[in-house]
Amino acid sequence: LYNAAHVDQTARRLFLMIPEINTRLFLLTMDQEEFLEEESKKEDPLAQYTLARIYQAHGYSLNEARDLFIATAKSGMGDAFAALAQMMINGQMEGVEIDKEQYYQGIAEAVDKNSMLGQYYMYKATLRGYENHPADPKAVIDNIKDWLKGDESEDLLKVNPTYYEILAQAYERLGDSKSSANYYMKAVRMGRVDLYHDWALNTFFNDNMELIDENG
């Protein structure tokens with residue numbers, strides 16, 4: 001995608017959209033980061049947002065990451081609102097105190113702007129609970145099931161595997177290891193190999209972390 005991004009607009013947009021999950025940001029080369037910097041200087045909102053995510057994930061240039069997120073938020077990008085809220089709750093904003101209620105309101109605003117990243121953080125917040133917002137894993141399951149409308153395929157063009165990750169975590173919170181393992185494996189087969197160990201824990205261990213399947 002990077003090689004084609006210089007000449008093909010579709011490839012360019014796809015390449016800029018790759019860094020959504022932090023672990024993937026570290027796979028970008030120096031040349032690829034320089035390409036993003038060039039596009040960012042042209043005030044391309046997606047390039048600015050992607051570059052900011054890289055700066056945030058690496059933990060350097062946090063002030064620049066904040067400024068880029070603010071710039072893209074002004075352009076109306078919902079994910080930028082979610083990213084700014086996450087920087088605040090992570091203590092990555094210089095001079096800004098961590099405020100859990102403000103974080104919740106920030107990701108709620110991102111959700112209102114149709115941000116998938118904001119929805120991801122909202123699911124996470126609902127699973128763990130924040131301040132006056134108690135944990136409610138069943139509400140997360142019901143919400144995602146309603147969104148899927150019965151289509152639980154493993155087609156990347158139809159379903160984002162991150163939804164299966166969240167479903168797995170919700171069932172895990174409810175103590176349903178079998179359902180949790182099922183959704184973790186769906187996500188793994190769709191490319192989220194980083195969740196393989198979560199599948200194993202829900203398949204071969206009990207809730208007390210005791211091995212129940214030696215072959216596993």
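Me: In this predicted model, are Tyr 103 and Tyr 130 buried or exposed?
Reply: The model is a predicted one. A residue counts as buried when its relative accessible area is under 20%, and as exposed when that area is over 50%. By this rule Tyr 103 and Tyr 130 are both buried.

Me: How many aromatic pairs does a search of the whole structure find, and what kind of pair do Tyr 103 and Tyr 130 make?
Reply: The search of the whole structure gives nine aromatic pairs. For Tyr 103 and Tyr 130, the ring centres are 5.4 Å apart and the planes stand at 65°. Planes over 60 degrees apart count as edge-to-face, so the pair of Tyr 103 and Tyr 130 is edge-to-face.

Me: How many residues apart in sequence are the parts that the pair of Tyr 103 and Tyr 130 ties together?
Reply: Tyr 103 belongs to helix 8, residues 100–112. Tyr 130 is in the loop between helix 9 (116–128) and helix 10 (137–148). The pair therefore ties together parts whose separation in sequence is 27 residues.

Me: What kind of aromatic pair do Tyr 171 and Tyr 183 form?
Reply: A pair of rings is described by the distance of the centres and the angle of the planes. For Tyr 171 and Tyr 183 these are 5.7 Å and 5°. Planes under 30 degrees apart count as stacked, and the pair of Tyr 171 and Tyr 183 is stacked.

Me: Which helices does the pair of Tyr 171 and Tyr 183 tie together?
Reply: Both Tyr 171 and Tyr 183 are buried. Tyr 171 lies in residues 161–173 and Tyr 183 in residues 177–189, so the pair ties together parts twelve residues apart in sequence. These parts are helix 11 and helix 12.

Me: Are helix 11 and helix 12 roughly parallel or roughly antiparallel?
Reply: The axes of helix 11 and helix 12 come within 8 Å and cross at roughly 165°. An angle over 145 degrees counts as roughly antiparallel. Helix 11 and helix 12 are therefore roughly antiparallel.

Me: Is the crossing of helix 11 and helix 12 left-handed or right-handed, and which residues of helix 12 make the contact?
Reply: The crossing of helix 11 and helix 12 is left-handed. On the side of helix 11, the contact includes Pro 161, Tyr 164, Leu 167 and Tyr 171. On the side of helix 12, it is made by Ser 179, Ser 180, Tyr 183, Tyr 184, Lys 186 and Ala 187.

Me: The charged end of Lys 186 sits over the ring of which residue?
Reply: Lys 186 of helix 12 and Tyr 164 of helix 11 are among the residues that make the contact of these helices. The charged end of Lys 186 is 5.4 Å from the centre of the ring that it sits over. That ring belongs to Tyr 164.

Me: Which helices do the buried residues of helix 13 pack against?
Reply: Helix 13 covers residues 196–204. Its buried residues are Asp 198, Trp 199, Asn 202 and Phe 204. They pack against helix 11 and helix 12.

Me: What is the phi of Asn 114?
Reply: Most residues other than glycine have a negative phi. Asn 114 lies in the loop between helix 8 and helix 9 and is exposed, at 73% relative accessible area. Although Asn 114 is not a glycine, its phi is positive, at about 60°.

Definitions and conventions. Residues numbered from 1 in each chain as written. Predicted model: local features only at pLDDT ≥ 70, side-chain atom pairs only at ≥ 80, totals over all residues. Heavy atoms only, no water. Phe/Tyr/Trp six-rings, centres within 6.5 Å; stacked < 30°, edge-to-face > 60°. Helix = DSSP H or I, 4+ residues; strand = E, 2+ residues; numbered from the N terminus. Buried < 20%, exposed > 50% of the residue type's maximum accessible area, 1.4 Å probe, protein only. Lys NZ or Arg CZ within 6 Å of the ring centre and 35° of its normal. Contact = heavy atoms within 4.5 Å. Axes fitted to C-alpha atoms, helices over the stretch in contact; angles between N-to-C directions. Parallel < 35°, antiparallel > 145°, perpendicular 65-115°, else oblique. Left-handed = near helix turned anticlockwise from the far one by under 90°.
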